[in-house]
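Trainee: I'd like to learn how to read pockets in a protein model. Could you walk me through it?

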Amino acid sequence: MKYKGSNLLVVRAVMNTHRDSTFAQLKWAQEKLNVAHLWQNTVSPMEMVYKPTGQKILFRGFDDVLKLASTTVNTGHLCFVWIEEAFEIEREEDFEKLDLSVPRGSVSGGLFKQTTITFNPWSEKHWLKKRFFDGGSKNVSCYSTNYLCNEFLDATDKAVFESMKNTNPSRYSVAGLGNWGIADGLVFENYTAEVPNIPNEQLWKWRHFFGLDYGYTNDPTAFIAIMVNPIDKLIYIYDEFYKCRMLNSDIAELIKKKGYAKERIRADCAEPKSNDDLRRLGISRIMPSIKGADSILNGIANISEYKIYVNPKCVNTLKELSSYVWEKNSTGAKARPVDKDNHLMDALRYAFQDVKLFHPEREDGITHTASGGITKKDLNGGWI
């Protein structure tokens, strides 16, 4: 509104996440500034039009980078880009395609080009840190903000962070103070926010596994989908959902929507009634997790042998990995993980319980055991 002829492109990793985030936030800003009557907001197509001049705010996703890069406007110039939750952008190459093509063209009349990137710094291993914070550039300004300087938070909001300071200092450091997320005493240190390159000829080494941890009012229900390669010791976490106040019917519906209804899913054995409900609702292969005196530590030990890849869209998994730390006993030694904000980590352990049953088989009939040995299939389907 201040710069006549300017237009804004708002970008997130996935297009359908705009509606409840950036689109809603900008509508709130219109109301806060008492200018809502000057804007026409539509969801199909998703855009905001400034009525006096026809300037637009457009919304796009990195789902289709090539289409994103070809975004144009018919009034004025596409000057400004806002990339929200940039931590979800898995590849620096995708950002570069956008950066080289939008904004484009010359501007005049006091206009300028500017890209604003906002995110929570959950892992210092992400390409954002190396590119913008470590390298240094005269064309880049970096700012770390936190809840202490957010004028829109009330006392209740601030109390959440004050409580987090004591209950989960690692998460508080990132979400509260805006520090880069690498915690001292992380349970899982060997993880990275990227999608692994899996050649077709290597797919025989991999299998899918699924885990579910129940929650409701204060704790979220957490579901995780992973691929595991026990030969090369690799895990790829590629899907999740993470939400409070989910009824069992809601859980079943979302699992069906994601296409996992026929998969074996390991769920918390402490809730047999919920497991029975999901079977009745069509999730027929739900299985209780296996728990024992040392099941948590044994599960962590097994997973720790693997390098973990996390699709950047799994933001809640990355948050937990970056703040899942060891409790210290009176001598300072590692005891067990802090039992806080670990719902996806529990689901990961449940899913991993079936990995020991997986023996990758090549097309030539030779099967590799998870320990690295090789066995051969006999004519009756058994193993020699």
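Mentor: Happy to! A pocket here is an open set of grid points with protein on both sides within 12 Å along at least five of seven lines, and its volume is the space filled by probe spheres set on those points. Keep in mind that this is a predicted model.

Trainee: How much space lies in the largest pocket?

Mentor: The general idea comes first: rolling a probe the size of a water molecule over the atoms shows where empty space is left. In this structure, the largest pocket holds about 1,800 Å³. Its lining counts 45 residues, and Thr 116, Ile 117, Thr 118, Phe 119 and Thr 145 are the ones nearest the centre.

Trainee: Which element gives the most to that lining?

Mentor: That is β6, with 5 residues. Among the other elements supplying at least two residues each are α3, α4 and α5. Sorted by class, the lining has 23 nonpolar, 14 polar and 8 charged residues.

Trainee: Which residues of α4 are buried?

Mentor: A residue counts as buried when its relative accessible area is under 20%. In α4, which spans residues 127-134, that applies to Trp 127, Leu 128, Lys 129 and Phe 132. These buried residues pack against α3 and β6.

Trainee: And what lines the second largest pocket?

Mentor: That pocket, with about 1,100 Å³ of space, is lined by 28 residues, with Asn 16, Thr 17, Glu 240, Phe 241 and Asn 316 nearest its centre. β10 provides the largest share, 5 residues, while α7 and α10 each supply at least two. The classes here are 10 nonpolar, 5 polar and 13 charged.

Conventions: Residues numbered from 1 in each chain as written. Predicted model: local features only at pLDDT ≥ 70, side-chain atom pairs only at ≥ 80, totals over all residues. Heavy atoms only, no water. Buried < 20%, exposed > 50% of the residue type's maximum accessible area, 1.4 Å probe, protein only. Helix = DSSP H or I, 4+ residues; strand = E, 2+ residues; numbered from the N terminus. Contact = heavy atoms within 4.5 Å. 1 Å grid on protein atoms, 1.4 Å probe; cavity = no way out; pocket = protein on both sides within 12 Å on 5 of 7 lines; lining within 4 Å. Nonpolar A, V, L, I, M, F, W, Y, C, P; charged D, E, K, R; others polar.
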